[in-house]
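This report describes the fold, strand pairing and core of one protein.

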Amino acid sequence: MAYVMNDNRASGGILDEHDAVTCCHCQAIVPIRKYVKQGGWCYNCDATVCWPCYNRMQTEGCAPFMRQVEIALGGTPRKLWGSAKGVAL
Ligand SMILES: [Zn+2]
Ligand SMILES: [Zn+2]
């Protein structure tokens with residue numbers, strides 16, 4: 001979890017509507033209000049993913065940020081990650 005605003009829960013406040021989650025695949029920051037409408041979960045990474053990455057998972061499987069960096073650098077994609085489908089919220 002990342003926070004774009006102060007987190008008030010520790011001091012007894014309510015969940016800040018500006019809370020945000022970080023996509024574990026592309027590192028995008030997704031505001032929680034957007035995430036609950038369009039967001040996903042990758043069981044392979046055991047972490048949150050943004051909507052575009054969730055949709056990409058349906059065809060390409062899990063593609064974590066570091067793996068995409070590897071591919072961008074010309075490395076050979078590893079088969080290690082399998083084909084986690086994740087789940088829509
Ligand atoms: Zn993403
Ligand atoms: Zn993943």
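The overall makeup comes before the details.

## Basis

This is a predicted model, in which local features need pLDDT of at least 70 and side-chain atom pairs count only at pLDDT 80 or more, while totals for chains, interfaces and linings use all residues. Residues are numbered from 1 along each chain as its sequence is written, and chains are lettered from A and ligands numbered from 1 in the order in which they are written.

## Overall makeup

The protein has three helices and six strands; these are DSSP runs numbered from the N terminus (helices H or I, at least four residues; strands E, at least two). From the N terminus on, the order is β-β-β-α-β-β-α-α-β.

Of the 89 residues, 22% are buried (20 or more other C-beta atoms within 10 Å of the residue's own, with C-beta atoms placed from the backbone).

## Strand pairing

Strand E4 (residues 39-42) runs antiparallel to E5, joined by four bridges; pairing requires that DSSP finds at least two bridges between two strands. Cys42 has Ala47 in E5 as its bridge partner. The two strands form a hairpin with four residues between them, and Asp46 in the turn has a positive phi of about 55 degrees.

E4 is also joined to strand E6 (residues 87-88), antiparallel, by two bridges. Here Trp41 is partnered with Val87.

## Core

The largest nonpolar core has 13 residues, and Cys23, Val49, Cys50, Cys53 and Met57 have the most contacts inside it. Such a core is a set of buried Ala, Val, Leu, Ile, Met, Phe, Trp, Tyr and Cys residues joined through C-beta atoms within 7 Å. Strand E5 (47-50) and helix H2 (51-60) each supply at least two of its residues, with H2 giving the most, three.

Methods: A residue is buried if 20 or more other C-beta atoms lie within 10 Å of its own, exposed if 12 or fewer, and partly exposed in between; C-beta atoms are placed from the backbone.
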